[in-house]
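Here is a short briefing to read alongside your structure. Have the 3D view open and follow the topics one at a time.

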Amino acid sequence: MAMRIGVPKELSVGEKRVALTPEGCKKLAERGALVEVETGLGEACGIADERYREAGASLAGRNALLESADIVVRVGKPPAGEVPLLKAGCIHISFLDPFRESELVQALASRPVSLFSLELMPRSTRAQKMDALSSQGNLAGYVAVILAAESLDKIFPMMTTPAGTIAPARVFIIGAGVAGLQAIATAKRLGAIVEAFDTRPAVEEQVRSLGGRFLKIDLGETAETAQGYAKALSEDQLQRQREAMTRTCANSDVVITTAQVFGRTAPRIVTREMLAAMKPGSVVVDLAVESGGNVEGSRLDELVEIDGVRVIGYGNLPSRVCLNASQVLSNNLTALLLEFWDADQKAFLIDQDDEIIAGSLVAHEGRICNPRLQPAQAVPGNNE
């Protein structure tokens with residue numbers, strides 16, 4: 001009997017993405033999977049139930065779907081109340097926020113289910129097509145620039161008119177990971193002068209290739225993790241960084257912060273003093289607000305004004321472009337499922353010797369099996 005893949009609707013407020021689009025369902029159905037989606041799954045992003053039926057998926061109520069699914073794929077973490085509904089042997093795949101959701105992880109691990117966290121997907125060439133964190137971060141970087149442009153009281157490009165020349169906006173982007181690089185590219189396409197900083201000197205070439213200027217700050221020795229994330233800085237390094245950044249922020253119309261450290265609360269980078277040095281009407285977008293925030297005073301899901309500067313702390317930016325976010329997320333999940341799909345057994349096989357499985361598998365057979373998530377370890381933030 002073929003494995004049944006269940007896709008429930010997201011329950012989080014403001015979450016409009018879906019884990020699988022009709023296109024993803026069709027690919028899986030063609031490989032012999034039985035795909036079942038919750039009725040009304042795609043309503044929030046304009047995907048009708050009929051499109052899922054045409055793709056070979058069937059429709060079901062929520063509880064029935066969760067109780068019968070051999071594999072559950074969704075965008076966000078499951079509500080605690082739904083954990084008992086997962087049947088024995090179920091495979092659960094989603095963003096899980098495992099470093100801050102220790103109780104939920106323990107509850108899931110205590111059940112006979114196999115638990116995968118999309119945040120823990122290895123950043124390797126082979127896993128690129130499955131890297132949902134990067135695909136969603138890419139869109140978040142784009143949305144951050146659009147939000148900034150909408151909130152700023154001036155235009156981004158230089159404009160020469162009979163009434164005079166309008167100078168281009170100056171945009172400073174802190175953190176040149178996936179989201180930061182997309183923010184650089186988007187701000188440049190809109191005509192802004194773009195400057196960027198990252199603690200990893202190796203990304204300077206990428207910043208320059210997108211047309212941005214790389215701000216060099218002598219921090220001494222810095223490094224990155226094996227997964228390509230920036231390592232935490234010392235307090236002395238952070239102070240030197242803040243002093244140089246204060247000057248750049250004061251000269252910028254827009255500041256976008258994307259700096260996050262894997263497994264820890266996001267570093268505080270933009271202080272109240274730095275905000276006070278900026279021009280009134282300037283805009284700051286804190287992309288790390290959900291994991292603690294890079295900007296002092298930023299608030300989750302709010303736009304606040306601090307010393308005349310508009311600080312945007314909206315969470316879940318990919319959901320603001322939910323159709324495209326769903327398309328790429330569905331592609332990531334479909335690629336993961338098909339990578340380990342056995343055509344003869346019509347089943348997803350868990351090979352714990354495979355680096356992708358070993359890296360993203362959190363719990364299996366009633367215990368936490370990921371070495372980065374052992375109970376004795378601290379469990380803070382997320383990473384870009």
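Two strands count as paired if DSSP finds at least two bridges between them. Strands (E, at least two residues) and helices (H or I, at least four residues) are DSSP runs numbered from the N terminus. This is a predicted model, in which local features need pLDDT of at least 70 and side-chain atom pairs count only at pLDDT 80 or more, while totals for chains, interfaces and linings use all residues. Residues are numbered from 1 along each chain as its sequence is written, and side-chain values use heavy atoms, leaving out hydrogens and water.

**The seven-stranded sheet**

- Strand E14 and strand E15 (residues 309–312) are antiparallel partners joined by four bridges, and Leu 303 has Ile 312 in E15 as its bridge partner.
- These strands belong to an open sheet of seven with mixed pairing, in the order E11-E10-E9-E12-E13-E15-E14.
- Strand E11 (213–214) and strand E14 (303–306) are the edges; each has a single partner strand, so one side of each has no neighbour in the sheet.
- Helix H8 (residues 235–250) packs on this sheet and touches strand E9 (170–174), strand E10 (193–197) and E12, where contact means heavy atoms within 4.5 Å.
- The direction of H8 makes about 160 degrees with that of E9; axes are lines fitted to C-alpha atoms, for helices over the stretch in contact, and angles run from 0 to 180 degrees between N-to-C directions.
- Strand E12 (residues 254–257) runs parallel to E13, with four bridges between them, and Ile 256 sits opposite Val 285 in E13.
- In a regular strand, side chains alternate between the two faces of the sheet.
- Strand E13 (residues 283–286) points Val 283 and Val 285 one way and Val 284 and Asp 286 the other, and all are buried, meaning under 20% relative accessible area with a 1.4 Å probe, protein chains only.

**The eight-stranded sheet**

- A second topic is the open sheet of eight strands, ordered E3-E2-E1-E4-E5-E6-E18-E19, again with mixed pairing.
- Its edges are strand E3 (58–60) and strand E19 (367–368), and because each has a single partner strand, one side of each is left without a neighbour in the sheet.
- Strand E1 (residues 4–7) and strand E4 (residues 71–73) run parallel and are joined by two bridges, with Ile 5 paired to Ile 71 in E4.
- Helix H10 (residues 322–339) packs on this sheet, touching E1, E4 and strand E5 (91–94), and its direction makes about 150 degrees with that of E5.

**Helix H5 and its partners**

- Helix H5 (residues 132–151) packs against H10 at about 165 degrees, with the axes 9 Å apart.
- That angle makes H5 roughly antiparallel to H10 (under 35 degrees is roughly parallel, over 145 roughly antiparallel, 65 to 115 roughly perpendicular, and the rest oblique).
- Among the residues that meet there are Gln 136 and Leu 139 in H5 and Val 328 and Asn 332 in H10.
- H5 also packs against helix H6 (residues 178–189), at about 40 degrees with the axes 7 Å apart, which makes H5 oblique to H6.
- The residues that meet include Gly 137, Gly 141 and Val 145 in H5, and Ala 179, Ala 183 and Thr 186 in H6.

**A buried serine**

- Ser 360 lies in helix H11 (residues 355–360) and counts as buried because its relative accessibility is 1%.
- Apart from neighbours within four places in sequence, Ser 360 contacts Leu 115, Phe 116, Ser 117, Leu 120, Met 121 and Asn 370.

Definitions and conventions
Buried < 20%, exposed > 50% of the residue type's maximum accessible area, 1.4 Å probe, protein only.
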